[in-house]
Amino acid sequence: RKMVTQVSQNGRMGVKIDKKTLMRVTKLRRARIVSSVGWTRSGKSTFNNILSRRSRFLKGKGLKFLSKTGHTSVAVTKGIDAHIVTPPQESDEPGVVFLDSQGMGDADNQELQQIIFAASMLCSSVQ
């Protein structure tokens, strides 16, 4: 699910936060947030997929990949994608949110890249 998307208003680039996704995150008890930031095509989405497959809540549920990945030089992730893993209702375990961000060096707008980078890092549970 898209959490942050790029928007253009009056010729200026900015970001828009998806309120439905934000509400789902705020409903998690003690959420752990894992952010992936780095250069374009450096394996952020692949890393998220590897981490998510290690989650005990996803094992045996047929969910193999949270993040889309590509095999070309064209970047797949735009803005910030949020993948929310909720534990079973009876569990006391925290939920996990994987934030997959657009790569640095991908957009023409340097300011937009800085906003996406800062937003991802500030949301993360571990820095």
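Reader: N48, buried or exposed?
Author: Buried in this predicted model. Its relative accessible area is 0%, which is under the 20% cut-off for a buried residue.

Reader: Which helix is N48 in?
Author: N48 sits in α2, which covers residues 44-53.

Reader: What does the N48 side chain have a polar contact with?
Author: The side chain of S36, at 2.9 Å.

Reader: Switching to the overall fold. What pattern does the chain follow?
Author: Along the sequence it reads β-β-α-β-α-β-β-α. That comes to five strands and three helices.

Reader: How much of the chain is buried?
Author: Of the 127 residues, 37% are buried.

Reader: What share of the contacts is between residues 24 or more positions apart?
Author: 60%, counting contacts with a separation of 6 or more.

Reader: Now the largest nonpolar core. Which residues?
Author: There are 12: M3, V4, V25, L28, I33, I80, A82, I84, V97, L99, L112 and I116. At least two residues come from each of β1 (2-9), β4 (80-85), β5 (96-101) and α3 (110-123).

Reader: Which element supplies the largest share?
Author: β4, with three residues. As a general matter, nonpolar side chains in soluble globular proteins tend to be buried together.

Reader: Stay on β4. How many of its residues are buried?
Author: Six of six, so by the under-20% criterion the strand is mostly covered.

Reader: Which residues are on each side?
Author: I80, A82 and I84 are on one side, and D81, H83 and V85 are on the other. Both faces are covered. In a regular strand, side chains alternate between the two faces of the sheet.

Reader: How do β4 and β5 pair?
Author: In the antiparallel sense, over six bridges.

Reader: What stands opposite I80 in β5?
Author: S101. I80 is also a member of the largest nonpolar core.

Reader: Back to V4 then. What does V4 touch?
Author: Leaving out residues up to four places away in sequence, V4 touches V15, K16, I17, K78, G79 and I80. V4 and I80 both belong to the largest nonpolar core.

Definitions and conventions:
Residues are numbered from 1 along each chain as its sequence is written. This is a predicted model: local features need pLDDT of at least 70, side-chain atom pairs count only at pLDDT 80 or more; totals for chains, interfaces and linings use all residues. Side-chain values use heavy atoms; hydrogens and water are left out. A nonpolar core is a set of buried Ala, Val, Leu, Ile, Met, Phe, Trp, Tyr and Cys residues joined through side-chain atoms within 4.5 Å. Buried means under 20% relative accessible area, exposed over 50%, partly exposed in between (1.4 Å probe, protein chains only). Helices (H or I, at least four residues) and strands (E, at least two) are DSSP runs, numbered from the N terminus. Contact means heavy atoms within 4.5 Å. Two strands pair if DSSP finds at least two bridges between them. A polar contact is a pair of N or O atoms within 3.5 Å; within protein, one must be able to donate a hydrogen and the other to accept it, and residues adjacent in sequence count only if both atoms are side-chain atoms.
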